[in-house]
Amino acid sequence: MVSSDPTKDYLARTMLEFFATSSASRSKLVGTVEDMQNKLCESQEVASFLDGSSREPLQAALTNSDAYGLDIELSNRIHPLKEATAYMYFFKTGNDEVTVENIHRTVSMLSMQDSAVDGLYHLLHSVFLPLLVKDGIMDETLQDLVRNLEAGLSKLSMSGSQNERANINDVVGILTLENEVDFWRGAGRDLDGAQGYLEQIKEIAYSFDEGEEGDDVVTKLEDVVRAKLEDLWKDQYPQKRMTHLLKLIGDAVTRSIQKKMNACGIWTAPFVQAERELSQANEALKKWTDTTKELTGQFWKEDDGDGARWRGEEFRDEKIQGLKQRVQKIMEIRTTHDALQGLLTPDEEKALQLGTAFKKFEEVKALYINPYSDAIWNQVLPAVCQCVAPSASGPDLTLCLVGSGIERL
């Protein structure tokens, strides 16, 4: 019998559709599906949750008993159950009375099958971060806070399973070089070669923690990073984990460049300063690209007699390639703009709005390479091009080409 209250019926059906998705799982329920639905609809916990004056959450836990089968236990407080294998949580997002018309607006829900730490990590990493980045509200401070939270959750997640022997090829939750260090200190400490790996990776991670940026990145890549990577490979560091480590190093290089460029102000700094910083950034990106290409495309492919050979395609970091192209494009635009300033009279500069040509670029996170920021960047380029009306020839056309980034003087 379906409940006469459609809101109770909606919650009950939602739980059953999540917990008992297959005929096999439905056959293991305590009683029939209809019996379980009636039980959920008639429960005091559902009634308390739907009470207009109540702010209590609703926890639904799937429990499995060998003697009785699958059951759904409800509670108006959030607490783990030892025998539970999965959870659903319902909570109100407003003070309005819940009705069948507004239940999709006033009631939110989430599910969890792992620990709270794992659940929060995956929810943050897979859902909220992409939404925050897309909405453009992730400033540098917030990014640092979220990155630290991610790293902390990842560390907790790994430490929670230290009693189990770690899988050397499992890189889930390893988002930074610090995470990789924590792995070898914690879950991976009993794996073969762990102590040697830890020492090598610590030196790589710490080389990026010392705050040395710009051309110092090139020095670190030459003097520290490459040498430690070669030592790791000689010590049989697995290729899958090495591939991920190379990505983490690329991310560290990227963050170092972003930090230096943001402090400099690539659109507002004098051309000489911007040119120097952009040149150093381009050199660092080229150095890292060349390093990974030489190691994975040449040196590590050669059989050194101990079976350590790179298999398959050489490593290629698409984010690094995208940032390298972006840096080069910015250099072209700034170079062309500077050349125009040397050719035009003050009146011509004013007429062409040359002094405000970069205003729209200042609003773009030009050095952040992802689908969301790329879309904004591609929108701004033609907008800058349209800031003047290009003629068939002359400086008007040249300035338009500055906006498109395809003209060099």
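I call a residue buried when its relative accessible area is under 20%. The model is a predicted one. I looked up Y87 under this cut-off: its relative accessible area is 7%, so Y87 is buried. I then checked Y89, which is also buried, at 12%.

**Whole chain.** I noted 16 helices and 4 strands in the protein chain. Of its 409 residues, 44% are buried. The exposed surface comes to about 21,700 Å², with 49% supplied by carbon and sulfur atoms. Among contacts with a separation of 6 or more, I found that 63% join residues 24 or more positions apart.

**Aromatic pairs.** I counted pairs of Phe, Tyr and Trp rings with centres within 6.5 Å, and the count came to 9. I looked up burial for both residues: F183 is buried at 4% relative accessible area, and W184 is buried at 2%.

**Cluster and charges.** Which residues form one aromatic cluster with F183 and W184? I found Y197 and Y237 in that cluster. I also recorded that the charged end of R241 sits over the ring of F183, 3.9 Å from the ring centre. Elsewhere, I noted K365 over the face of Y368, at 5.7 Å from the ring centre.

Notes. Residues are numbered from 1 along each chain as its sequence is written. This is a predicted model: local features need pLDDT of at least 70, side-chain atom pairs count only at pLDDT 80 or more; totals for chains, interfaces and linings use all residues. Side-chain values use heavy atoms; hydrogens and water are left out. Helices (H or I, at least four residues) and strands (E, at least two) are DSSP runs, numbered from the N terminus. Buried means under 20% relative accessible area, exposed over 50%, partly exposed in between (1.4 Å probe, protein chains only). Contact means heavy atoms within 4.5 Å. Accessible areas come from the Shrake-Rupley method with a 1.4 Å probe; for residues, only the protein chains shown count as cover. Rings of Phe, Tyr and Trp (its six-membered ring) pair if their centres lie within 6.5 Å; planes under 30 degrees apart count as stacked, over 60 as edge-to-face and the rest as tilted. A charge sits over a ring if NZ of Lys or CZ of Arg is within 6 Å of the ring centre and within 35 degrees of the ring normal.
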